Amino acid sequence: MSNRVVLVTGAARGLGAVIATQFHRAGYRVAIGDIALDSAEALARDLSADGSTACALHLDVTSKDAFEVARDTLFARWGRIDALVNNAGASKVVPVMEITGEQFDQVINVNLRSVLFGCQVFGQYFAGNGTGRIVNIASLAGQNGGSATGAHYAAAKGGVITLTKVFARDLGAAGVTVNAISPGPMDLPIVHESVPADKLKAVIAGIPAGKLGSADYVADVTVMLAAENAWFANGACWDVNGGLFMR
Ligand SMILES: NC(=O)c1ccc[n+]([C@@H]2O[C@H](COP(=O)([O-])OP(=O)(O)OC[C@H]3O[C@@H](n4cnc5c(N)ncnc54)[C@H](O)[C@@H]3O)[C@@H](O)[C@H]2O)c1
């Protein structure tokens, strides 16, 4: 695996940082794409002090041009790209009846437009190579309508699962796979920052597993879906929700 290259979006912190670290441990050269460039650079330095196996890229996932620049920059640096993880996401909880058009568009842009552009730009590049892996980080909210995260976020994540299938079908014959992972609430900074402690206690009490999910495990699954031998897994959605939602 030592030559493989992956770009992880939104990897400056949270789940993306854990995913980037796990890829690095698996022997990948890792690009950390984020709008938070300072934190992305700090993680890249932690992983690879001389920059030979990890680098930071400024990448705003709401822009198709930015994905094209990231692809070209990465190719110029390491001469190949094998996998893309569309992980960047964001939401601000607003009651459904109060979501403005602007708020809706903003959340859709970061969580869904991003996946459209990432899959278009990297899907085309991978198809040209006859191989490639895309993993989209969706959410339980996209499957069950969500609870704590907002209707715009839930709608966007439902769209991520649908786009995953569309791109999987479109790119499959070219040797490219596109899969999604739908985590439930995980033990990550954003959950502790955005959910009040008493509400979080109630959320955890409602999870059959009795605790928040592990980012390490989601990262392991991401690495597994990006492996060369994962070519028969395509258009799937891997649920990691502690038994909160079964289908
Ligand atoms: N935390 C959870 O419990 C949970 C559950 C299900 C799904 N997810 C999904 O996992 C992914 C990561 O979540 P997290 O908990 O690490 O969130 P987080 O807010 O901690 O990290 C998100 C990262 O995305 C970056 N980002 C935001 N907007 C961006 C943009 N326009 N371009 C590039 N980067 C941008 C941020 O700078 C940040 O580094 C998201 O897609 C989220 O929806 C998280």
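Buried means under 20% relative accessible area, exposed over 50%, and partly exposed in between (1.4 Å probe, protein chains only). This is a predicted model: local features need pLDDT of at least 70, side-chain atom pairs count only at pLDDT 80 or more, and totals for chains, interfaces and linings use all residues. Residues are numbered from 1 along each chain as its sequence is written, and side-chain values use heavy atoms, with hydrogens and water left out.

**Exercise 1.** Classify Arg 13 and Glu 193 by accessibility, then describe their pairing.

Step 1. Arg 13 has 41% relative accessibility, so it is partly exposed.
Step 2. Glu 193 is at 55%, so it counts as exposed.
Step 3. Their side chains form a salt bridge (side-chain nitrogen of Lys or Arg within 4 Å of a carboxyl oxygen of Asp or Glu), with N to O at 3.3 Å.
Step 4. The pair links distant parts of the chain, 180 residues apart: Glu 193 lies in helix H7 (residues 189–194), Arg 13 in the loop between E1 and helix H1 (14–25). Helices (H or I, at least four residues) and strands (E, at least two) are DSSP runs, numbered from the N terminus.

**Exercise 2.** How many salt bridges does the whole structure hold?

Step 1. The search finds five.
Step 2. One of them joins Arg 71 and Asp 72 at 2.9 Å.
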